[in-house]
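Please keep the sequence and the model at hand while reading.

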Amino acid sequence: QVQLVESGGGLAQAGGSLKLSCVASGRTDSNYVLAWFRQAPGKEREFVVGSSRNGGTYYADFVKGRFTISRDNANNTMYLQMNSLKSEDTAVYYCVARAGNAIFSTESKYPYWGQGTQVTVSS
């Protein structure tokens, strides 16, 4: 079992920045992928970015060049630096995890989910 706790959400202006954090606990002694999904009001949940323990990353096209994922494996923490925020980035952001090194953009591949953190971008 892996427990995930997100933090760092809040209100930002369009063009501004926010940094999300996700701390993993529990069975974190093996390789696992950490990723972010998001769900905007009235929309389906979508993949944002994922990171494998060995350094691999995979970004959704709509965040390339604006968002950056990073990991501190020693402290089982993942970060999402979000720059150049747009109103359409407004969503609940979820930290998710799965065992292994393969990064998937399908939410059903991730058995572990955090409670989510709200990001609101005002225009």
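In the hairpin of strand 5 and strand 6, which residue takes a positive phi? It is Gly-55, with a phi near 105°, in a hairpin that has five residues between the strands. The model is a predicted one, in which local features need pLDDT of at least 70 and side-chain atom pairs count only at pLDDT 80 or more, while totals for chains, interfaces and linings use all residues. Residues are numbered from 1 along each chain as its sequence is written, and side-chain values use heavy atoms, with hydrogens and water left out.

**Overall architecture**

- The chain contains zero helices and eleven strands (DSSP runs numbered from the N terminus: H or I of at least four residues for helices, E of at least two for strands).
- The radius of gyration, taken over C-alpha atoms, is 13 Å, close to the 14 Å that the globule rule gives for 123 residues, so the chain is as compact as a globular protein of that length; the rule is 2.2 Å times the number of residues to the power 0.38.
- The C-alpha trace spans about 40 × 25 × 25 Å along its principal axes.
- Among contacts (heavy atoms within 4.5 Å) between residues at least 6 apart in sequence, 58% join residues at least 24 apart.

**Pairing around strand 3**

- Strand 1 (residues 2-7) and strand 3 (residues 18-26) run antiparallel and are joined by six bridges; strands count as paired if DSSP finds at least two bridges between them.
- Within this pair, Val-2 stands opposite Gly-26 of strand 3.
- Strand 3 also pairs with strand 8 (residues 77-82) in the antiparallel sense, over six bridges, and Leu-18 faces Met-82 of strand 8 there.
- Ser-21, in strand 3, counts as buried at 17% relative accessibility.
- Beyond residues up to four places away in sequence, Ser-21 touches Val-5, Glu-6, Ser-7, Trp-36, Met-78 and Tyr-79.

**Strand 5 and its partners**

- Strand 5 (residues 46-51) is largely enclosed by the rest of the structure, because five of its six residues are buried.
- Five bridges link strand 4 (residues 32-39) to strand 5 in the antiparallel sense, with Ser-51 as the bridge partner of Leu-34.
- The hairpin of strand 4 and strand 5 has six residues between the strands, and Gly-42 in the turn has a positive phi of about 75°.
- Strand 5 and strand 6 (residues 57-59) run antiparallel, joined by three bridges; Gly-50 stands opposite Tyr-58 in strand 6.

**Nonpolar core**

- The largest nonpolar core has 35 residues, of which Leu-4, Trp-36, Phe-67, Leu-80, Met-82 and Tyr-93 touch the most other members (such a core is a set of buried Ala, Val, Leu, Ile, Met, Phe, Trp, Tyr and Cys residues joined through side-chain atoms within 4.5 Å).
- The elements giving two or more residues to this core include strand 1, strand 3, strand 7 (67-72) and strand 11 (117-122).

**The loop residue Phe-104**

- Phe-104 lies in the loop between strand 9 (91-99) and strand 10 (112-113) and is partly exposed, at 28% relative accessible area.
- Leaving out residues up to four places away in sequence, Phe-104 touches Phe-47, Arg-98, Lys-109 and Tyr-110.

Conventions
Buried means under 20% relative accessible area, exposed over 50%, partly exposed in between (1.4 Å probe, protein chains only).
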